[in-house]
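Please look over the model below before reading my notes. Keep the sequence beside it, and find each residue as it is named.

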Amino acid sequence: MATSNKDQHIAELLINGSDKDYAFKMLIEHYGKPLYWHIRNMVKDHDDANDILQNVFIKIHTYIDSFKGDSKLFTWLYRIATNESLTFLNSKAKKNNISNAELYLQLTANLEADVYFEGDALQLKLQKAIATLPQRQQQVFNMKYFEDLKYKEIAQILEISEGALKATYHLASKKIESYIKNH
């Protein structure tokens with residue numbers, strides 16, 4: 001999701017503060033669906049994704065004055081959504097007294113019963129393969145494969161170098177390919 005003129009317009013309205021309520025409504029309309037799917041790719045569950053998205057928008061509204069335009073609005077929003085999702089996943093794993101890896105496997109297993117999951121058997125197998133990856137590799141793979149974000153955008157969101165990101169994506173892709181061939 002490259003920065004568009006609409007992104008710049010929303011960012012300017014938020015920074016200049018002339019009508020922040022209007023700007024916030026525009027932000028929700030423009031980013032609601034992409035942020036939902038970003039979160040959903042991480043947490044797998046529709047209801048959890050909706051709850052986290054609400055928390056993300058509350059956090060954005062609360063801290064909107066701290067956005068100064070030093071980074072792209074898109075990057076700032078996705079970083080908040082990513083951090084909220086990770087906090088949720090870590091908390092859920094801790095609450096259930098299991099590792100994050102076990103949690104990802106459980107969440108993926110639950111997809112089969114999820115009425116909101118529209119994938120076929122191959123999509124389910126792909127999700128199971130992704131669940132076997134370490135957390136960072138999952139994030140990078142999901143953002144690149146499902147959300148079709150550019151390496152530069154992902155690097156800014158996750159605050160890592162593009163080189164490390166490309167290596168992480170390549171490694172994740174190889175692991176997924178191997179999993180799909182062998183299962």
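This is a predicted model: local features need pLDDT of at least 70, side-chain atom pairs count only at pLDDT 80 or more; totals for chains, interfaces and linings use all residues.

1. **How helix pairs are described.** Two packed helices are described by the angle between their axes and the distance between those axes. The next points apply this.

2. **Helix 2 with helix 4.** The axes of helix 2 and helix 4 come within 10 Å. They cross at roughly 35°. The crossing of helix 2 past helix 4 is right-handed. On the helix 2 side, the residues that meet helix 4 include Leu 27, Tyr 31, Pro 34 and Val 43. On the helix 4 side, the partners include Leu 73, Ala 81, Ser 85 and Leu 89. What classes of residue make up this contact of helix 2 with helix 4? The contact has 15 nonpolar residues, 3 polar residues and no charged ones.

3. **Helix 4 with helix 8.** Helix 4 covers residues 73-95, and helix 8 covers residues 151-158. Their axes lie 8 Å apart and pack at an angle of about 55°. That angle makes helix 4 oblique to helix 8. This crossing is right-handed. Helix 4 brings Phe 74, Thr 75, Tyr 78, Arg 79 and Thr 82 to the contact. Helix 8 brings Glu 153, Gln 156, Ile 157 and Leu 158. By class, the contact of helix 4 with helix 8 has 4 nonpolar, 3 polar and 2 charged residues.

4. **The buried part of helix 6.** Helix 6 spans residues 121-131. Which of its residues are buried? They are Leu 124, Leu 126, Gln 127, Ala 129, Ile 130 and Ala 131. The buried residues of helix 6 pack against helix 5, helix 7 and helix 9.

5. **Gln 135 in helix 7.** Gln 135 is found in helix 7. Its relative accessible area is 25%, so Gln 135 is partly exposed. Gln 135 touches Leu 86, Asn 90, Asn 100 and Tyr 104, leaving out residues up to four places away in sequence. Look at Tyr 104 in particular. Gln 135 and Tyr 104 are 31 residues apart in sequence, but their C-alpha atoms are 9.0 Å apart in space. Their side chains make a polar contact at 2.7 Å.

6. **Thr 168 in helix 9.** Helix 9 runs over residues 162-182 and holds Thr 168. Is Thr 168 buried or exposed? Its relative accessible area is 16%, so Thr 168 is buried. A polar atom of the Thr 168 side chain lies 2.8 Å from the backbone oxygen of Ala 164. Leaving aside neighbours within four places in sequence, Thr 168 is in contact with Arg 136, Gln 137 and Val 140.

7. **Asp 48 in helix 3.** Asp 48 has its place in helix 3. Why does Asp 48 count as buried? Its relative accessible area is 13%, and buried means under 20%. Setting aside neighbours within four places in sequence, Asp 48 contacts Val 43, Phe 88 and Lys 92. Asp 48 and Ser 85 are 37 residues apart along the chain. Their C-alpha atoms are separated by 9.2 Å.

8. **Arg 40 in helix 2.** Arg 40 lies in helix 2. At 6% relative accessibility, Arg 40 counts as buried. Arg 40 and Ile 58 are 18 residues apart along the chain, with 18 Å between their C-alpha atoms.

9. **Lys 44, a loop residue.** Lys 44 sits in the loop between helix 2 and helix 3. Its phi is positive, about 70°, although Lys 44 is not a glycine. Lys 44 has a relative accessible area of 6%, so this residue is buried.

10. **Glu 159, another loop residue.** Where does Glu 159 lie? Glu 159 is in the loop between helix 8 and helix 9. Glu 159 has a positive phi of about 55°, although it is not a glycine. With 60% relative accessibility, Glu 159 counts as exposed.

Key: Residues are numbered from 1 along each chain as its sequence is written. Side-chain values use heavy atoms; hydrogens and water are left out. Helices (H or I, at least four residues) and strands (E, at least two) are DSSP runs, numbered from the N terminus. Buried means under 20% relative accessible area, exposed over 50%, partly exposed in between (1.4 Å probe, protein chains only). A polar contact is a pair of N or O atoms within 3.5 Å; within protein, one must be able to donate a hydrogen and the other to accept it, and residues adjacent in sequence count only if both atoms are side-chain atoms. Contact means heavy atoms within 4.5 Å. Axes are lines fitted to C-alpha atoms, for helices over the stretch in contact, and angles run from 0 to 180 degrees between N-to-C directions. Angles under 35 degrees count as roughly parallel, over 145 as roughly antiparallel, 65 to 115 as roughly perpendicular and the rest as oblique. A crossing is left-handed if the near helix is turned anticlockwise from the far one by less than a right angle, and right-handed if clockwise. Ala, Val, Leu, Ile, Met, Phe, Trp, Tyr, Cys and Pro count as nonpolar, Asp, Glu, Lys and Arg as charged, and the others, Gly among them, as polar.
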